[in-house]
Amino acid sequence: RPDRNCRFSMAWRVFGIKYIHGGISRGRAVTCKDSSLLILNVFQQSERTLSYLARHFHGFQGGDEDFILSSHRYLIRHFHGNLVHLARLREEESLGLKTAKRLKVVNGGKFSKRKKESQPPVEAPYVPPKLRRFQMSLPDKTIEIFEGITILELAKRCGESTAAIQNMIVNVGEKADSEFDPINIDIAELIAMEVGVKVRRMHSNEGARVLPRPPVVTVMGHVDHGKTSLLDALRQTSLAAKEAGGITQHLGAFVVGMQSGASITFLDTPGHAAFSAMRARGAAVTDVVVLVVAADDGVMPQTLEAVSHAKAADVPIVVAINKCDKADANPERVKNQLGSEGLNLEDMGGDVQVVEVSAVKKTGLDRLEEALLLQAELMDLKARIDGPAQAYVVEARLDKGRGPLATAIVKSGTVACGQHVVVGAQWGRIRCIRDMSRKVIAEATPAMPVEVEGLKGLPMAGDDIVVVESEERARMLSEGRKKKFEKDRLMKLEEDRIRVEEEEKKKADEEDGNEDEKVKRVEVPLIVKGDVQGTVQAVTDALKCLNSSQVLVKIVHAGVGPVLQSDVDMAQACNACVVGFNVRDLPAAISLAAAQAKVQIKSHRVIYHLLEDIGNLIIERAPGTLETKVAGEAQVLNVFEIKGRSRAKGGGEGDVKIAGCRVTDGRVTKSATLRLLRSGEVLFEGCCASLRREQQDVDAVGKGSECGLVIKDCRDFRVGDVIQCLVKVTRKPKFVSSESGAVRIEC
């Protein structure tokens, strides 16, 4: 009605509202200036809607004409409306209304930018993120990373999503604003290890000084073919005479100055079959392989293995035929053997150089030097001098006064004192660098063998040395590698356990439930201690080769250093034997403690003697297999039949037959099983019921003696039959050693 419209118009003028919003807020009780009238604070574009709502409001006095409402009461208790269409904030505040203030979202939304921190990122301890899906280690997959790799490229190579890689980077403590941001190579390796892949670091030579470097030459060949003697002739030293047993059992690195003024870095590898891993490491870091073959012995198993290592590493080969001064030397036969194995020698139109030398007479050494320098010149060997340094660990040992020491060859860059390095899963700060003559040097350039001191733990032979920028980065990278190695180790143990269970199940199916033929497999726990990391690994691998169907060699612990009291305690707890290789003599206290604990300690300096001694120990503990053996034979000379004997004497239906025999071989015992043969065919087999000699019961009858015997339930004897005495014996395994040094256990 007109009067109602006037009243609302006047109310709107009081509030200063010129237009109405489309939404409806809850009605509030508003007091006017005279405090006697309550006015409805409802905004609506349509009078029709307002009139409709007014009919349903509670608290009216006078029907539709008066809008006097009860105080402190909401007209509309619940109404779902859009907050954007509420009354303006300034107008409601001017009326004293309490409204919910909307907070301004700074980082809301998926694509909102993060608030940039003014402070630099803090080096935080590495916490592995929880991936959304289960990640398994992929030991066979290796990716290449480089300095400045983008997050997107790293995600593609790892096979992960970009968001997951960014979350890992944030957990490490680095910024990851965009997927195109470059990251440090150390962070990239850490993320790749968390995903479960191996990495290969690639360094660019752009902007760096690249200079020629000396070649790294590895001397390989069969045992006792004169490898160390040849190096002694080149260096004019006598290391071969100082080796235990006259054979090389360590990986040595030397720098030899040639007569021409050039220098060559030589690696001397052992030739025994147990040191296959050492030869593989030597071939992996070398530029040229010198294959030493004795002219009087020819091509042997380790010679072929050295050729395969060189081909796998894709390095050229120079053949040195040694011992040409001997009377029975035949170099042509050696060349023919090498040619038949696939080596393209120069004499046969190939590119493999062949030099005939003699380490004893020191002949042909100049031709060998020329061949090596020519091969190095053809390869044009150069290396980066500045930039991040990389080195390769060829050997590692534990010194009592200086701690863990790593013998390494620098591949690129310059290794200097004071740098923070990560070696495998270990880290440290280089405290001292020594060359192979034990002289302290300030830095090491490419192709130089050095001894690094200052590591926190003992690395593994074959690890890479990586120089990082800070101690925090070294700690973080070391922890990540340790977790990766532990994960791979547990997965390998699980795979081995599943494989062993499958093999046992397969054997059980083949035996078809025959309990007599089933052989119980026993464990022989061993604790291995050695002088350097390489020999410990070689001895461990050689001992694992002694596994058989009856014995399982279990390496409980393998470490570098002397035998300690903790090793004796561990051996006593698990009933193990302690094996020491090239360790110092045991103190009296350790020997006494081992004797009281009944712990065997076997210490050797030659690999032959160690493997033979452990092989005999394994044979003693092996359960063996039960076999039937013919202990003696007897020939039937006459048959006697006695009537009316009881069943207890072996007869049937009151009679018994006695075979009068003469023992022709071995001896016949009463407790054994007897077998009756006629014309080579087995007629009967049973136990002996009675054995007599000269009317007296005896337990055994020797060769050449005559006796009478009764076989239980057997009455078919004839003159000329043969009776064999069968006994059950336990056959132990045999320890077999080949000419190349390879050992095994034959059951």
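The model is a predicted one.

We begin with helices α5 and α6. Helix α5 spans residues 162–172 and helix α6 spans residues 185–195; their axes come within 10 Å and cross at roughly 120°. An angle of that value makes α5 oblique to α6. The crossing of α5 and α6 is also right-handed. On the side of α5, the residues that make the contact are Ile-165, Met-168, Ile-169 and Val-172, while α6 contributes Ile-187, Leu-190, Ile-191, Glu-194 and Val-195. Sorted by class, this contact of α5 with α6 has eight nonpolar residues, one charged residue and no polar ones.

In soluble globular proteins, nonpolar side chains tend to be buried together. The largest nonpolar core of this model holds 28 residues, and the members that touch the most others are Ile-143, Leu-154, Cys-158, Ile-165, Ile-169, Ile-183 and Ile-191. Two or more residues each come from β3 (138–146), α4 (151–158), α5, α6 and α12 (471–511). Helix α6 gives the most to this core, namely eight residues.

Helix α12 also holds Arg-481. Is Arg-481 buried or exposed? Its relative accessible area is 8%, below the 20% cut-off, so Arg-481 counts as buried. Apart from neighbours within four places in sequence, Arg-481 is in contact with Glu-189, Met-193, Arg-201, Val-422, Val-423, Gly-424, Ala-425, Asp-464 and Val-466.

Ala-444 lies in strand β21, which covers residues 443–444. Which residues does Ala-444 contact, leaving aside its neighbours within four places in sequence? They are Val-410, Gly-413, Thr-414, Val-415 and Val-450. Ile-409 is 35 residues apart from Ala-444 along the chain, and the C-alpha atoms of the two are separated by 8.9 Å.

The last topic is a second pair of helices. Helix α14 (residues 565–574) packs against helix α15 (residues 588–597) at an angle of about 10°, and their axes are 10 Å apart. The angle makes α14 roughly parallel to α15. Gln-565, Val-568 and Gln-572 of α14 meet Ile-590, Ala-593, Ala-594 and Ala-597 of α15 in this contact. By class, the contact of α14 with α15 has five nonpolar and two polar residues, and no charged ones.

Note on methods. Residues numbered from 1 in each chain as written. Predicted model: local features only at pLDDT ≥ 70, side-chain atom pairs only at ≥ 80, totals over all residues. Heavy atoms only, no water. Axes fitted to C-alpha atoms, helices over the stretch in contact; angles between N-to-C directions. Helix = DSSP H or I, 4+ residues; strand = E, 2+ residues; numbered from the N terminus. Parallel < 35°, antiparallel > 145°, perpendicular 65-115°, else oblique. Left-handed = near helix turned anticlockwise from the far one by under 90°. Contact = heavy atoms within 4.5 Å. Nonpolar A, V, L, I, M, F, W, Y, C, P; charged D, E, K, R; others polar. Core = buried A, V, L, I, M, F, W, Y, C linked by side-chain atoms within 4.5 Å. Buried < 20%, exposed > 50% of the residue type's maximum accessible area, 1.4 Å probe, protein only.
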